[in-house]
Every structure is written in structure tokens, then in C-alpha cells.
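This note is written for a colleague who is meeting the structure for the first time. Please read the numbered points with the sequence and the model in view.

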Amino acid sequence: MTDAADDSALEQELRRVAARLDPVPPEVVQAAVDAFSWRDIDAELAELVFDSLLDADQATLVRGSSGPRLVSFKTPELTVDVEVTTTGSGRDVMGQLTPPQPATVEIRHSAGIVSTDADELGRFRSQSLPGGPVSLRLRPADRGSRPAVVTDWLAI
């Protein structure tokens, strides 16, 4: 056998052993499939510009955070500020769109999609979401002139 053939055979054997001893959990496979299917080519991506967990000072990291998590996403025309609060086994999400505007807000997570509305002041809220990865999809009320906005995925 050549070195390439040996490497290929070894790789195949390692894959078989790993699949048998440490299989990928079904919920991880489903999350990957769902994440791919939720992508939206026509939507504008709002990038993460602030996360209180990532931007915390060293003292906070040592003590731990007792308050809500604050996160901001931004596009050239829109800022989405989100506050995540842990309540028992769930998460409450409260947000603000700037500039203020009514919109439909879909909170996509491992258990499905929760839809809520942002009021004319750009405020929205959803309660008792499961912990795990989430992404927001915002559809402005004036859909004709502006595309939907999708945030990065974030673990809450």
C-alpha cells in the first residue's frame, strides 16, 4: 500500500471507531440541519457588535454575572439591542430596534420558532425560551422597501 492509501484506511478506521464510541448526538445533527435550512439569502445579516459576556472586565469574570446579558447586533440601517434574563430553566428576551419601528420578530431556537411583534417604539419581548442557540429574524412592517434582517446565532 502507498502512504496515501495507508492514510485513507487509517482515517476510515478512526471514523468508524469515533462513530461507535462517541457518536454525534441527534440534537446536534438536527441543529446543524435546522441552521442550514433557516438561512435566508435575501435577508441582511446583522452582526454581533456587543456582548456583555464577551466584553466583561476581569473582575466580573471572576465573580460571575448576576444581571441580565446584554447583546447588540447592527446593520448599516438598524441596531437590535437584546437583553436576556435567566428565569428558572427558561430565558426571557426583551429587545429594542433602533431606529424605532414596528416589525415581526421571529426568535429561532432548537425547539422551533417563536414569533412576536415589535411595537411602534421598536420594543419586543418573549418569555420562557429554552436555553441554547438562538437567532432573530426581523421583518419590518414596511416589507416592500426593506429586506428582512437576520442576526448571528447566539447561545443563551
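**Notes on the predicted model**

1. The protein chain contains three helices and ten strands; helices (H or I, at least four residues) and strands (E, at least two) are DSSP runs, numbered from the N terminus. Along the sequence, their order is α-α-β-α-β-β-β-β-β-β-β-β-β. The model is a predicted one, in which local features need pLDDT of at least 70 and side-chain atom pairs count only at pLDDT 80 or more, while totals for chains, interfaces and linings use all residues. Residues are numbered from 1 along each chain as its sequence is written, and side-chain values use heavy atoms, with hydrogens and water left out.

2. Of the 156 residues of the protein chain, 31% are buried, that is, under 20% relative accessible area, with exposed meaning over 50% and partly exposed in between (1.4 Å probe, protein chains only).

3. Strands β5 and β6 form a hairpin with two residues between them. Their pairing is antiparallel and runs over seven bridges; two strands pair if DSSP finds at least two bridges between them.

4. Glu-106 belongs to strand β5 (residues 103-109) and stands opposite Ser-115 in β6. Glu-106 counts as buried because its relative accessible area is 16%. Leaving out residues up to four places away in sequence, Glu-106 touches Ile-113, Val-114, Ser-115, Ser-135, Leu-136, Arg-137 and Arg-139.

5. Thr-116 is located in strand β6 (residues 112-118). Is Thr-116 buried or exposed? Thr-116 is buried, because its relative accessibility is 16%. Its side chain reaches the backbone oxygen of Arg-125 at 3.2 Å. Beyond its neighbours within four places in sequence, Thr-116 is in contact with Ala-103, Thr-104, Val-105, Phe-124 and Arg-125.

6. Val-29 is classed as partly exposed because its relative accessible area is 43%.

Definitions and conventions:
A polar contact is a pair of N or O atoms within 3.5 Å; within protein, one must be able to donate a hydrogen and the other to accept it, and residues adjacent in sequence count only if both atoms are side-chain atoms. Contact means heavy atoms within 4.5 Å.
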